[in-house]
Amino acid sequence: MIPTAFDYVAPTSLEDALSALAEAGDDAKVLGGGQSLLPVLRLRLNAPEKIVDLSRIDSLRGISDDGDTIVIGAMTTHDEVARSELVREHAAVLAEAASTVADPQIRHRGTLGGALVHADPAGDLGAPVLALDAELVVVGAGGERRIPAGEFFQDLFETAVGEGELLTAIRIPKHTGWGGAYEKFVRVSHQWSIVAVAAVTRDGEAKVALTNMGSTPLRASAVESAIADGASVKDAAAKAAEGTNPPSDLNGDSDYRAHLATVLTRRALARAMGG
Amino acid sequence: MPRISVKVDGVTYSDDVEPRTLLVHYLRETLGKVGTVIGCDTSNCGACTVHLDGRSVKSCNVLAVQADGREVTTIEGLATNGRLHPMQQAFHDCHALQCGFCTPGMIMQAVDLVTENPNASEAEIREGMEGNLCRCTGYHNIVKAVQQGASATASAAGGEQS
Amino acid sequence: MTVSPDAVEDLIEERKDVDTSDNEREIGKARTRKEDERLITGRTKWTDNIQLPGMVHLVMVRSPFAHATITNIDTSEAKTAPGVYAVLTGQDVADQQGSLPTAWPITPDQKAPPHPAIAVDRVAFSGEVVAVVAARTLAEARDAAELVDVDYDELPAALDLKEAADDTVLAHPDLGTNKSAFWQFDSATAETGGSVDEAIEAARADGIVIEREYRQQRLIPAFMEPRSTVVDPTGEQFVMWSATQVPHILRLMLSLTLGVPESKVRVIAPDVGGGFGGKLQVTPEEIITFLVARHLRKPAKWTETRSESLMAAHHGRDQWQRLTLAADKDGKVTALKVDLLADMGAYLGLVTPGVPILGAFMFNAIYKFPAYQFNCTNIFTNKTWTDAYRGAGRPEATYAIERLMDELAVEVGVDPLEIREMNWIKHEEFPFTSVCGLEYDSGNYEAATERAKELFDYDALRAEQKQRRESGDPVQLGLGVSTFTEMCGLAPSRVLGSLSYGAGGWEHASIRMLPTGKVEVVTGSSAHGQGHETAWSQIVADRLGVAFEDVEVLHGDTQISHKGLDTYGSRSLVVGGEAVIQAANKVIEKARPIAAHLLEASADDLEFQAGRFTVKGTDQGMALGEIALATFAAHNLPDGVEPSLDSDATFDPVNFSFPHGTHLCAVEVDTETGMTKVRSYVSVDDIGNIVNPLIVEGQIHGGIVQGIAQALWEEAVYDDQGTLVSGSFVDYTLPTSADTISFVTDNTVSPSTTNSLGAKGVGEAGCIASTPAVVNAVVDAVRHLGINDIRMPCTPERVWKAIQSAGYHSGETTAEAQEHFVEGEANQDQVGNDPSAAVTGEQS
Ligand SMILES: Cc1cc2nc3c(=O)[nH]c(=O)nc-3n(C[C@H](O)[C@H](O)[C@H](O)COP(=O)(O)OP(=O)(O)OC[C@H]3O[C@@H](n4cnc5c(N)ncnc54)[C@H](O)[C@@H]3O)c2cc1C
Ligand code: FES
Ligand code: FES
């Protein structure tokens with residue numbers, strides 16, 4: 001219940017945060033909302049020497065309209081994302097997914113940036129970000145990089161964010177007028193997804209991404225091309241598990257997950273298309 | 001050790017804390033606010049729920065240093081002028097507690113929930129309380145209490161305005 | 001202030017006008033609870049709140065291995081870490097720690113390994129304590145615990161219950177076997193019924209024989225307050241505060257285990273955050289905290305983390321049940337044979353071996369079975385020890401028989417309620433002696449079932465089920481029935497004696513009449529959520545005619561409540577409550593001669609009613625409070641009468657009580673995902689007379705959800721290394737408010753004849769009844785697909801796989817069907833949105 005001892009800084013600017021990180025090297029850990037990091041520290045699964053808390057950097061928080069893109073600061077909480085009118089209008093699937101994360105208390109603290117960098121394959125925010133073709137803005141000593149979501153997630157708990165770098169914002173191309181649905185399957189509420197599916201659709205076009213069907217969020221490209229080729233929702237959804245490598249655990253083995261993916265994809269597509 | 005200044009239940013405290021100190025430990029051990037309790041080590045149970053700057057959080061999942069300069073309300077600060085908060089009253093009236101261990105967290109989360117959504121349906125209440133585990137009551141009476149507490153809170157607020 | 005004799009007389013005079021006529025109607029009132037005010041404002045006394053001067057904090061070092069020899073423990077680094085006072089290993093305390101107690105040797109030749117609080121040279125489950133660190137702060141203790149370096153040599157571990165029964169791998173090599181004991185009940189031998197083998201043979205020739213194997217998965221009680229213990233060795237006595245259900249038993253056992261005089265130990269159970277059997281234990285950690293405090297001569301505190309709790313606090317259930325039910329062609333049961341394998345885990349706890357035996361008498365449930373045999377083999381494995389968990393033995397039994405009755409109904413081709421009615425004890429047949437030789441006091445299964453059907457709208461739901469089956473709806477409806485009984489009020493001491501239990505089953509109470517008219521009730525039942533303060537106050541207010549508010553209930557401290565056998569087995573009200581009544585009766589009888597003397601009447605002419613003695617046929621009288629004060633002043637008492645009304649009573653029940661009920665459950669099973677949703681749930685319980693309907697309802701609700709949780713959600717799972725996989729609340733999935741629904745509860749009343757309250761006990765009813773009701777419903781939803789069983793918990797994966805292997809592949813969810821599913825959910829909300837509909841039971 002008690003982490004190992006560490007030093008703590010809470011810089012108020014991005015520059016200070018980056019230099020604090022640079023100084024401490026790989027002994028440092030960034031603290032976003034803390035909702036994944038603090039449990040890890042409390043169970044002593046990790047023991048950083050320094051914590052750099054981003055919560056006092058105002059510029060990392062908030063949602064803004066940037067023409068055909070919406071920009072979400074990395075430190076924006078799940079709750080803020082779920083409630084944002086901008087997100088609901090232009091990236092509905094992300095708002096819905098954010099509202100399914102954990103429970104209200106955790107959503108009040110946990111951040112979109114933190115969730116993406118944490119990159120838990122069962123996390124709910126990777127798939128919608130991937131389906132929406134978002135770009136992730138990463139800043140380090142060498143300046144700013146914009147990474148397409150498809151290249152951001154590299155493996156279990158591994159992303160393109162390097163040592164000494166910070167995720168500062170998530171840029172989402174507006175999907176105004178697209179339908180969106182996030183189908184999350186859990187045994188008991190407030191559980192991490194056993195499988196979940198994010199679908200974004202408009203006439204004859206679908207973008208579909210899967211949660212917990214492999215070590216990273218995955219685009220269901222077979223489903224997408226089937227839809228593009230005019231297949232029925234049912235036939236397209238049947239391809240949802242193609243090319244995936246789902247895990248087996250207490251909640252279900254990989255066969256069951258593969259099956260769930262098809263059912264949930266069908267439901268997500270149907271709902272997204274229904275309006 | 002960093003020095004923090006936190007307002008808890010209306011009183012401002014200034015203390016040196018180890019950065020690794022969790023907010024819940026600071027409340028319980030340094031301030032003696034033992035009304036807030038610890039039920040798990042994975043932030044699942046919600047027993048430690050308090051309000052941080054007006055929003056419900058799990059105080060086992062916040063560092064005390066993160067509360068520096070902020071305001072915390074615990075179960076001990078909910079009643080005002082010796083009068084129970086309508087949500088506390090509702091928990092009593094509806095027999096929404098048995099052992100009472102989950103109760104402080106339940107009430108704090110319920111207050112947050114009805115502040116956000118005074119007209120929550122049963123389904124919304126059930127969803128909104130999903131981060132708080134209770135092993136005794138089966139939730140039935142908790143849901144009833146939150147419904148009663150919601151209308152009582154709303155009318156109390158209305159009463160204040162007029 | 002001085003009190004002049006006159007002032008006392010004046011007070012006595014004043015008392016005369018107190019109107020007590022209302023106090024007699026307390027029993028049956030839905031009183032809100034006295035104990036709430038503190039709990040809802042955070043003014044609580046959890047053990048972990050305690051801070052004492054100089055107190056040290058303990059952290060346990062636990063084995064990561066299921067079975068291993070300890071080859072070396074290096075504590076040198078930990079001992080010199082900042083703030084550390086001591087690091088103790090099993091070797092250090094080997095000659096002091098004794099062996100943890102088991103109070104229930106079910107057979108004379110029962111085998112059991114020694115059970116050290118700290119493992120000395122071998123660990124037998126993962127989570128067993130191998131060392132303890134004591135430091136100034138918890139953080140320092142935690143830091144130092146990481147520095148304790150333990151070397152293990154891993155041994156093969158006995159993990160699977162059935163494999164362990166074959167003795168191929170031994171959990172405790174020194175025992176030479178994994179079998180702890182074999183226990184049998186046979187109705188032919190006991191001469192309470194016929195021979196099962198003959199009946200089964202006859203049924204094989206001309207009748208029905210149903211053979212099934214059911215699994216009672218391993219569960220974790222998961223009380224919300226983690227266990228915590230503080231020991232203060234300063235002062236004349238050792239004072240132990242502990243989050244325990246059993247302060248009295250704990251005190252006795254501490255004394256016996258550690259050789260400390262019982263009189264030198266005081267145990268206090270302050271506010272206790274739930275137990276469910278999980279805190280009915282004498283734990284290694286309590287012993288260790290005691291040893292450390294004694295060693296350091298400083299107060300010491302240990303509080304577990306949730307992960308520790310899930311791993312090391314005792315688990316529950318874990319049985320394989322092989323069952324053979326024989327019936328004639330019409331479905332009248334002729335025999336039941338039960339063969340159990342029960343997993344003890346690595347050690348025997350306080351009542352571990354007796355838990356399955358508590359179920360032995362309940363497999364025949366509410367039915368008239370002519371022949372019955374129960375065989376149980378208790379087996380050791382290298383997993384956390386098991387012991388009592390809500391219901392202890394009775395849920396296992398009820399599950400098995402209620403599942404079987406459904407199977408029988410299918411075999412005969414009748415409705416599950418019909419098969420039950422055909423076999424159950426009719427209400428005019430009470431008192432009824434069961435095939436186990438127990439005398440059922442009272443009951444009316446017909447009435448409870450009738451009421452439940454009405455509230456449930458049984459026939460309409462059956463019609464909907466038929467329609468869904470016919471249309472091939474991907475969401476199928478299932479209805480589940482459970483008509484259960486249980487034996488409450490543990491227990492008549494003689495019965496316990498005949499089952500070789502180490503203690504009696506009585507309970508103690510004292511009533512102290514204070515001079516100011518207030519009443520203190522001291523009870524040996526120690527509450528942890530059951531609302532004893534409120535219920536006991538109602539009973540005493542009612543009996544003595546004093547105001548509810550004037551009664552103070554004291555418990556949970558062996559110095560205040562010196563005698564008691566604590567709270568478990570739904571015994572508090574029917575045993576402890578009865579003791580309170582008897583003490584109250586004694587108060588009245590002690591007051592009678594004093595009243596007679598003061599009223600200058602003959603004692604025989606006095607009537608006691610509504611808190612007053614009156615001289616028959618006159619309006620002359622005195623309130624009990626007046627007599628209490630006069631007795632305190634003792635200025636004018638009859639010769640030879642002691643100046644005290646205080647009274648004690650120890651009540652030993654002559655029989656159990658047998659509450660019963662009918663629970664009906666409707667579930668929707670999504671055949672595409674395997675997901676089960678409980679749609680509606682009705683319970684009609686007959687628990688005899690009710691002291692406080694509000695408290696009773698709460699107990700039922702909580703029990704129902706715990707039982708549903710066994711059916712659908714919870715399981716303690718070990719991997720093949722013997723590590724607990726479901727070792728946190730992330731994986732040990734307790735239900736939340738969002739997973740459950742509002743229930744419809746009601747009661748019928750058949751007063752018990754075994755206690756003067758006519759009460760029967762309710763603590764475990766919900767949890768005993770609901771598990772089979774839900775699983776019966778799940779199986780009912782998919783039975784037409786060729787499925788007759790799904791192992792608990794019925795997870796979506798298990799349900800889906802059962803459907804797959806039954807060869808059914810659901811078609812596409814049509815748009816309408818999808819909508820139907822959504823409608824189903826909406827229905828559920830409607831029930832709940834109208835609180836009066838959800839809780840009709842309350843009004844009646
Ligand atoms: C009980 C419980 C249930 C949960 N259930 C779900 C669920 O159902 N679905 C779900 O998706 N999530 C769930 N979560 C996790 C939750 O969503 C977390 O909020 C999220 O995963 C992490 O966000 P955070 O802001 O709290 O990050 P932190 O915990 O602060 O950090 C997580 C990781 O990201 C790094 N990091 C954080 N911010 C940045 C940044 N801006 N730049 C670089 N690195 C950064 C940290 O160093 C750390 O490694 C649950 C958590 C809990 C405790
Ligand atoms: S103690 Fe904070 S959520 Fe359990
Ligand atoms: S009242 Fe006991 S855990 Fe909720």
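Modeller: Domain bounds are taken from an automatic or database domain assignment, and on that basis chain B is divided into domain 1, covering 3–77, and domain 2, covering 86–156. The model is predicted, so local features need pLDDT of at least 70 and side-chain atom pairs count only at pLDDT 80 or more, whereas totals for chains, interfaces and linings use all residues. Residues are numbered from 1 along each chain as written, chains are lettered from A and ligands numbered from 1 in written order, and side-chain values use heavy atoms, without hydrogens and water.

The C-alpha centres of the two domains of chain B lie 21 Å apart, and the contact (heavy atoms within 4.5 Å) takes 18 residues from domain 1 and 13 residues from domain 2. Together the domains bury about 1200 Å², 57% of it on carbon and sulfur atoms, where buried area is the accessible area (1.4 Å probe) that two parts lose on being put together, summed over both. Of the area that domain 1 buries against domain 2, Thr49(B), His51(B) and Ile75(B) supply 38%, more than any other three residues.

Across this interface there are two salt bridges, a salt bridge being a side-chain nitrogen of Lys or Arg within 4 Å of a carboxyl oxygen of Asp or Glu. The side chains of Arg55(B) and Glu116(B) meet in a salt bridge, at 3.6 Å from N to O.
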